[in-house]
Amino acid sequence: MSAAEIRFKLVDDAAVIYPGPYLNQLRGESIENQCERFLAEGVRRIVINFEETELINSIGISILLGVIESVNHSQGSLILSNLNSSNRELFEMLGLMSHVEIVESEQIALMKMSGEMVTAVL
Amino acid sequence: MSESNSKQILSQLTDENFGGRDREIAKISAIASYGPSQPAMTDILLLGAPRTGKTEILRKSFDRLFWEGKEVLPFYYSLQESCLDPVEFARDYFSQFLIQFASFRRNDPSLIKSAAPSLSIMNGASAAGDYVCVRSMVDAFSQALRVDDVQALLRLALAAPATAAAHAGLKPLVMVDNWHLVLGTELLPAFLRDLKRTRQHRLVTYALTGVRRLLTQLLPADPEIFDRTEVIHIERLSDESLEKLVRNRAELLGIETTDSTIELIIQQLNRDAFYIRAILNAAASRGLSLRTFIEFERLYTDEILNGRIGQYFETVLRGITDDSSERRALLEALALTIEAGQPVPLDAVTDRVKRQTNRGEELLARLHSAELVDISYGFISASDDSVFDDFVQTKYRREIVGSAQPLAGEELLGEKLKQSYRLMMSRYNRATELQLVELLSRFDSQSVPASLFNTVSFESHYRGVSRANVRRALDEEAERVRVAQIVLVHDLGEGEQPGVTWRLFAATGFEGGIYTESNEVCWLVALINSKEPLDLETLGRIDQRLESALRGQIANVGVRSHTVRWYISKEGFSAVASERLASQHSYCSTYSHLDLIQDYLTRLVLGGETKPSSEFELVIPIEEEAELIAARTAEQIARAAEFDQESVNQIKTALIEACINAAEHSDSPDKKIRQHFAIDDDKLIITVSNKGKRFGGANGSNPPVGAQPSKGARGRGLQIIRALMDEVEFEHTDDGVRLVMTKYLKRPGNQ
């Protein structure tokens, strides 16, 4: 099965991934592959922006947990942003909040990451 | 804020913004359409409290009949204080009619919207076929003007609709707004003459409205008039219509709200659509959201003090009197009656007003007419308009008492915040009280499962059993309670202490369907909203109140041979309280038992299972993303069943998980998943079935409720379904398994 196309962009040395309207197995696997590529290329800061994501299923969440683990394992940082209230409730219910940081917007996520970068350089 | 669409000619609000008055508008049109042979009403009196939309109902009736362009010729006229001189009135009424007549005949509303033209121009505006008729009416009117014949002018003006309609073969509907203004003028006898004349010959249907307390004084005690007048009472909009109005309006204006603030807005604004629109418009023009109580209360306080609502009340008071010292005297009188909280002798208040003006009685009577106070049998009391009360009290404190102004914030804000929680609680309590009264009224000697009247027995039988299974088991229950046939329910008052509120009722009726004194019975019912299971001490206190209420009942109504006590506590009873209730042979239930009793009685009437009101079916293939189709369908159905957005999202997510589960864990030979959606009164039941061996739990078993899900995606799927739906059950079928998920509509008191 070929992975679904997902959008992403690079901002300085961070990557932003947009899972699309429905995070399921297909898109989860695409995110997983894309993250692996980023990490291999040395991109350590990743934001997943859920602005367009209306629905998330449990398989998508399981894959996302794997992505969180592999980014942490590579000493990278991952922030989720723009979750709607239902999806946030889902993440809370499944205990994702303790594994990953969730912020209101992509901009805040990127600022937090650049802040981390400044701290690291100093 | 005004808005309009192309269909609005005289009306000032869009249908959506007005909301819920279709029935009244349709009734006016229907009465106006009656043929002469129908033994029907000929005139309409529209009575309603201030701001219930009487004017807009007439204006919308005009618009609707105008665009229908059929047999009814609509004419709307609003009397003005500045135009009560008979000649001025006749000229204005006559010309307004001719404009509206010409517009109707030419199907061109632009004439109405343009400035009032002179009589000669109106001649030219008439449709070609009407020219001769209009010309002769205008000539006769001009002649009466020249000779200054006031009576002829009034007669010609009032007769114009009948004359023109007769020429055009139409039925005229004459809608007169602010009709109370004719009181004490020469216009009243002229109108009454025309009413009598047109009534005799069924020439015109009049629809009259205005200040209701004055309107009823205008009609003479003539049986014929009352026989032939249909009184339409305009009640306040229902909570459902208001909720729809708030949601639509807030969405249109981009104001964020929540279910709780919408409820608070409706209740605190006295279920008054005018206030609600004013608050929403204020929020929109200031770019405010109404997501929290404090956001709403801040805006409310500002609106009362300096905003649209405050300005409106100022205008109303100026309408009572232009004189500022008289207004001050009235403000004192109003504050006094509100402060008293009960009817006050009218003389005491009149004397107080007379210290500043010799028109005390007259001004108080005007306040009564405007429904700002109620005067009855020598007593005066405050109106039930809490918004006006807030305005009066704040203005009184500021302008008369001269209280020190706080440096920041407002006293009213603090008061309203304290009240808001209590208001919402009383709203929820009221909903349950209404449910109980409705239930008692349905008691008709039925035999009801006994466990529904005994919390201990219910717990021992049905603890941990799903609601659907409880319903089934109740049907089989051997022990029964035969309820009385209730004919009367009395409110015995309410009480409260920290954390507990209660209301007492006496439901009287007969046992065994035999109507004798010895079979008369009184059910004393205590409805208790407690955050915890009811303790013995509070039960004792409620018992005392019930005793004294019973003594009062006996004194009023006479001795009852038999009483039954029924305690209904939201969260049940403590063990000791339950023992006490058992020892005194009282019935005890919880709020959820009320639902079950109601449900049981309904099923008895229907002779078995209640049929869901709507059902839908969907079959999707087991393939990638097909579950999205199911989710979209569920979304449409849940919206139609009036679930809120949060619940809709939860239903969609749960259904997606159910479909994935079905796809993954079944050996479905036809590669299909079947879904059945049933909307019942208060719930949506979704059944997801598939053919195959297993579904969800191992070996197709129903995973025990509360069991920890296995690690991994599917464990999470079941966890999600259970968390998002109210009831989840797995059922075996001959050739597969099905998952039944139920989501209840959120209801006050059940949250």
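These notes walk through a predicted model with chains A and B.

1. **Confidence.** Chain B averages a pLDDT of 84. In that chain, 87% of the residues reach at least 70.

2. Take care with residues 694-711 of chain B, where the pLDDT is below 50. In the model, this stretch still has 34 contacts beyond near neighbours in sequence.

3. **Chain B overall.** Chain B has 751 residues. Its secondary structure comprises 29 helices and 20 strands. Buried residues account for 37% of the chain. Now look at the contacts in chain B with a separation of 6 or more. Of these, 71% link residues 24 or more positions apart.

4. **Where the chains meet.** How many residues of chain B are in contact with chain A? There are 18, and they touch 13 residues of chain A. Three helices of chain B each supply at least two residues to this side: H27 (626-640), H28 (645-665) and H29 (713-724). The largest share, 8 residues, comes from H28(B). By type, the chain B side divides into 7 nonpolar, 5 polar and 6 charged residues.

5. Find strand E11 (residues 485-497) and strand E12 (residues 500-510) of chain B. They run antiparallel and are joined by 11 bridges. One pair to locate is Gly495(B), whose bridge partner in E12(B) is Trp502(B). The hairpin has 2 residues between the strands. In this hairpin, Gly499(B) takes a positive phi near 85°.

6. **The sheet in chain A.** Chain A holds an open sheet of 5 strands, in the order E1-E2-E4-E6-E7. The pairing is mixed. Which strands form the edges? They are E1 (7-11) and E7 (101-103) of chain A, and each pairs on one side only. From one strand to the next, the twist averages 25°.

7. **A parallel pair in that sheet.** Strands pair through backbone hydrogen bonds, in either a parallel or an antiparallel way. Within chain A, strand E4 (residues 45-49) and strand E6 (residues 77-81) show the parallel sense, over 5 bridges.

Conventions:
Residues numbered from 1 in each chain as written. Chains lettered and ligands numbered in written order. Predicted model: local features only at pLDDT ≥ 70, side-chain atom pairs only at ≥ 80, totals over all residues. Contact = placed C-beta atoms within 7 Å. Helix = DSSP H or I, 4+ residues; strand = E, 2+ residues; numbered from the N terminus. Nonpolar A, V, L, I, M, F, W, Y, C, P; charged D, E, K, R; others polar. pLDDT = per-residue confidence, 0-100. Pairing = 2+ DSSP bridges. Buried ≥ 20, exposed ≤ 12 C-beta atoms within 10 Å, placed from the backbone. Axes fitted to C-alpha atoms, helices over the stretch in contact; angles between N-to-C directions.
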